[in-house]
Amino acid sequence: MGFPHPSHSKETVVLSRYFGDAGARTYDGWVERGGYEALKRALAMTRDAIVEEVKASGLRGRGGAGFPTGLKWSFMPKDVVKPHYLVCNADESEPGTFKDREIMRWTPHALIEGCAIAAYAIGAERCYLYIRGEFTEPWKVMSAAVEQAYAMGALGADALGSGKRVDIVLHRGAGAYICGEETAMMNSIEGKRGNPRIKPPFPAVAGLFGMPTTINNVETLSAVPHILNRGAAWYKALCLGNPKSTGTKLISICGHIQRPGNYEVTMGTPVKEILYDMAGGPKPGRTFKAIIPGGSSVPIMTREEAEAALFDYEGIVEQGSMLGSAGMIVMDDTTDMVYQIWRLARFYAHESCAQCTQCREGTAWTTRILERILTGRGKQDDFQLLLDLCDNMTGKTICVLSDSCAAPVVSGIQKFRSEFEAYIAGAREPAMAVV
Amino acid sequence: MAIGVKVMRRPEREVSYVRATLKGMALTFKHMFEPKVTMQYPEQKSTTEWSISQRWRGTHRMLTDEQGRSKCVACGLCPQICPANCIKLVPGEDEQGNRYPLIYEIDEFRCVFCGYCQEVCPEEAIHVGVHFENAEYTRGRFVYDLERLQSQTHAVSTLWDPSDPQGE
Amino acid sequence: MADELVNVTIDGMPVSVPKGTPIIEAAKQAGVLVPHYCYHPSLPSPAVCRMCLVEVEKAPKLMPACVTSVVEGQVVHVNSASAKKAREGVLELLLINHPLDCPICDQAGECELQDYVFQEGRAGTRYAEYAKRYSPVEDFGPDILYVPNRCILCTRCVRFMEDVADAPVLNVSERGDRAYIGISEEQKLDHAWSGNVVDLCPVGSLLSKDFLHKARAWDLDKTASVCPGCTQGCNVSIDTRDDVVIRIRPRPNLEVNRHFMCDYGRANYRWMNRGDRIEAPLVRDGARHTATDWDTALARFEQVLRGASGSAVILATGRASTESLGLVRRLVDRFEVAAAVQVPLGEEAPLSGVPNLALRRERAPNLAGAELLGYTPQWAAAMRQALSAAVVIVLDADLDQADEAALAAAPGMVVLLGTVIADALRNVELVLPVTTMAEENGTYVNRDHRIQRYQQAKSQPGMARPAWWIAGEVLAGPGPSADAPSTAAEAFELLGERWPVFAGLGHGDIGYTGRVLRTGSAPVPGRAEGAAR
Amino acid sequence: MTSHQAHGSHGATPAAQDPVFVGETRTKLEELFARYPTKQACLLPALWMVQEVRGWISETDIGEVAEALDLTPAYVKGVVTFYTMYHTHPVGRHFIQVCTTSPCNICGAEDVVKALLAATGCVELGATSPDDRFTVIEVECLGACGFPTPIMVDDDFIEDVTPDKVAGILQRFP
């Protein structure tokens, strides 16, 4: 449902069914609502059978990359001779995205169940649930839920009486966007600086503490119990035409829109429907100007592009952007695009981990150039300089943070060049004072 | 006449000394009223028509910054490039941790005034000068120390600029 | 090597390298240097500088050559347009905040940033209108300064302290472009091997206080040598300017010290520059010494040896070369001999990340060589015997005052082959000036019986000669003789006649990385391939 | 940059204190050891414990954490400075974090910042108010973009903040 708004008829409510329902937060409340059935079922299955079921469902990673989850699980070594780990990525720090937060706040046991099933399926000794430091409320809810789950025997040495051990440990981040990157997250759990690691080795070979590790997003894991309960075929059928993108997807919509919030839709729903019908369209008297469809790291779409797009992994790519974490930032015609692109660049400059040269220096320099344009001192050469810099920042670093910084800048220059020109030509009042 | 001496008759106009003298005098007088090209050197150093080239490479000068300290940071490039090996440099460090020349001496006797030191200097500190009056009472005075180099006031040379080969 | 070989083509040059070799090392074999900052063969590679990006055919994007292993049939282009453009981009970014202070930077001339920018960087800056980042110089430890402005955050220093020295006292602090190399207020960079971070630093960010402003890199003459500090025998380069030793730096030898040397060895060069040297042979003429020529002095030496009978004692410095120790030992073959080398002792300081590498307790570089030549470290016993011996040869040993006084009063003939002379010994029979290890060619045998060569780094003072030359001349007899060795290599060949362990071996065989002697005894435990992790 | 680099107007570091890891906190720390295969992995939780007790993390505290986890102070310091939520300087009694990243920015987050600075009396971002009550900083994305502008006062997450609500909110934090 479109928390904090009532469910819209065009939504397909699966994960978000109990958003806003405080009763679902407790163990008993969750069991009443059909909880822990899937875990019980899973613990009775073989590990391979669970992986096959998830593979068949077509579930893809909801964190941004969209990698098939079942396939990811199948990469884990079968023979458990050394510890394996599962890491649940609850470091939702992509600007524009706030879906995992609601899952943890309202349905913590759904996530615990999903973690437990995944941990069992990949043979993980322990699941680390990495919650970002700023999520104080989800942290409290999750801590209480995990404690209860242990107390009720759903977790621990003898999970739900199956004789199998499932452990979940909560780990709190401390304010670093980059820790949402899977290898950086592993470093962070290990007590290191959250620096992304170079791949290979991939986490499934040498991940957390050097052991085989799988990392899944909160939304992905929360979907797993539903797949086991209702079957892969049901999940696969939740699809509007494109068989590569199946299931439901939570969309966070924010910015200049009537009803910001989370909406759960079937993959393949037209973006136009989501923006105008579910979220209520632009504020009165306004029109949309730009939409960033997948959290701040993806190329900006113009209104026309967004309205033409279908909402699934491939549909958004067709229109020149990416689905990412499905955090839609909507900007209407009052928005100063140059200022917002500068604000995004500043975000990346602040969050760069300082490892790769292109990212460390490039994000900061990009910010400075945009700052200069905003103070009215920009030059025509700055376009070329920005594009050169962004080219240098794309595809050359360990992780994709610098690519993420380049994406809005490059797409912004391509699609909203006139606004940059206005600052450079002095036709527009500087948005910033020269410091 | 017993022997026949042939007497040549010369034209009057060509043998008259009066005429030649007058001619010479005329030239002399003419020069008295023409502009003079001689410069009264020690009293007079240059004239509007004649002065030494801005590209002249003479004895050195060390430039100083606003505080009167030499601009030299003792990087060691000038002694390195000097073909005559006439620059002596010992670097030191002041209280602020800045590198500066503890000893900087140029032996102007050995110097071949190639100007490489000026060309190589990254700080634009050492310069060859537009200067040619080098008389001294002792040979030792031709080893210019830092103080001496800094106290020179003559113009510094504008080296040949490869991007403007014809220019002065 | 039993490893499987992989064939790759790098910039058109086919090479075969063991499986698992990173592209950067394979490229070296193909004669192509891939520019790099964070990569170092003796450190784990984090691939953060992104300087070594190369184009690999069929790869979707540029690959970091330092962590990408070669694959059979791979075609790599180090100097393709895209790789060059990427490197130019990295250099531009590294330079935006890098000060233009090469003129006052100690690293200038051996700076990798300077080199690569000169090689393939942009000619101009596009960052002109901004102020550069500025932070003051920090004091990291007894011999190390940190200049944050020059730092390019390659993290070699951090990784050295963490992974090789196993003492993580350096960190990367902050993040983004605010990042810098940090140190705790409570700990200093005073590890026994910390000086290596200065060498590892590709730019002039970490500086040695000892070397600060002393010389420009291009002024220095570098001589391949062996550290005279301890029995480890680290390969070093002695850097001199105008015949003055300015610094000692490690020279890579993967079997001995990889790329490192300890701070003790680094600082142990001042004695090489000592000024109060004996410059001419001195013979005793009544109550005083007279300077003389070598012919006279050598004749007197021979006379001393011929005239004496009974026992002879050799008191040698641990820094004497194998050649000198051997030939001096041969001088007294007809005597009953007690020969000792001096071995000062100190604290052992291992470098934990490299197996079998430490600053050793025994601070004598040629202890093992001396032992092979019949010397012992029993200094006190030899000293006692010296007081009753017929001939005592002191070979540059560092004597304490009591020993000097005792020797001066000893009944036997005392011949001093030395570099300096103590007042107490002003009355010995014969004083012959010898060179130090910095002033001669020679060999040392380290604790693992690896024999290694060192080269002459500076000229000898006055008439000083290597001790092997003196001994060789005396052995060959008076007058000009073809038998006397005229080079250290010839002197070395004479050793084989008497000590079979050196037989059949010449300086040419030893090369510049040394060679393990077949001593018959079991190899020293832990003497594996000196691979770091 | 928004950050904690700005030096608080707070006075000197407190005088020598008792160690943090004694009694209950020590037990808690030891419980943590069981949850991770290495001691080092307990670094982030241990630092959170220190900040809970002290309000911020001083050099001395860094030393103590390092000792408890068999690490070096420099290493711990590198980690502390990486994560923005650890304070390396003393902060006010209430620490206010305002999200000003794009989604909130377009919905007026900068006005909320201005209102907060005015209402708390803080001179600038990162500075502590003269009465030591508040420190206000801008942060990057608090992850509640649908509820602009979210702010965090200590551990309390407050959504939908507008400039006119600021005074009322501050009253709740004496």
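How many residues of chain C are in contact with chain D? I started my notebook with that one, keeping in mind that this is a predicted model.

**Entry 1: where C meets D**

I found 15 residues of chain C in contact with 15 residues of chain D. Next I looked up the area. The size of an interface is often given as the accessible area lost when the parts come together. For chain C and chain D the buried area comes to about 1,300 Å², and carbon and sulfur atoms give 49% of that. On the chain C side, I noted that Glu174(C), Arg175(C) and Glu186(C) lose the most area to chain D. Together they make up 36% of what that side buries.

**Entry 2: what sits on the chain C side**

Which strand gives the most to the side of chain C that touches chain D? I got strand β8, residues 170-173, with four residues. I then sorted the residues of that side by kind: five are nonpolar, four polar and six charged. I also looked for salt bridges between chain C and chain D, and the count is zero. Polar contacts do turn up there: I counted four residue pairs, both residues at pLDDT 80 or more.

**Entry 3: a sheet in chain C**

I moved on to an open sheet of three strands in chain C, in the order β23-β24-β25. The pairing is antiparallel. Which strands are at the edges? I wrote down β23 (442-445) and β25 (515-516) of chain C, since each pairs on one side only. Between β23(C) and strand β24 (residues 450-454) I found four bridges. For one residue I looked up the partner: Tyr444(C) bridges to Gln452(C) in β24(C).

Definitions and conventions
Residues numbered from 1 in each chain as written. Chains lettered and ligands numbered in written order. Predicted model: local features only at pLDDT ≥ 70, side-chain atom pairs only at ≥ 80, totals over all residues. Heavy atoms only, no water. Contact = heavy atoms within 4.5 Å. Buried area = accessible area lost by both parts, 1.4 Å probe. Salt bridge = Lys/Arg side-chain N within 4 Å of Asp/Glu carboxyl O. Polar contact = N/O pair within 3.5 Å; in protein donor to acceptor, adjacent residues only side chain to side chain. Helix = DSSP H or I, 4+ residues; strand = E, 2+ residues; numbered from the N terminus. Nonpolar A, V, L, I, M, F, W, Y, C, P; charged D, E, K, R; others polar. Pairing = 2+ DSSP bridges.
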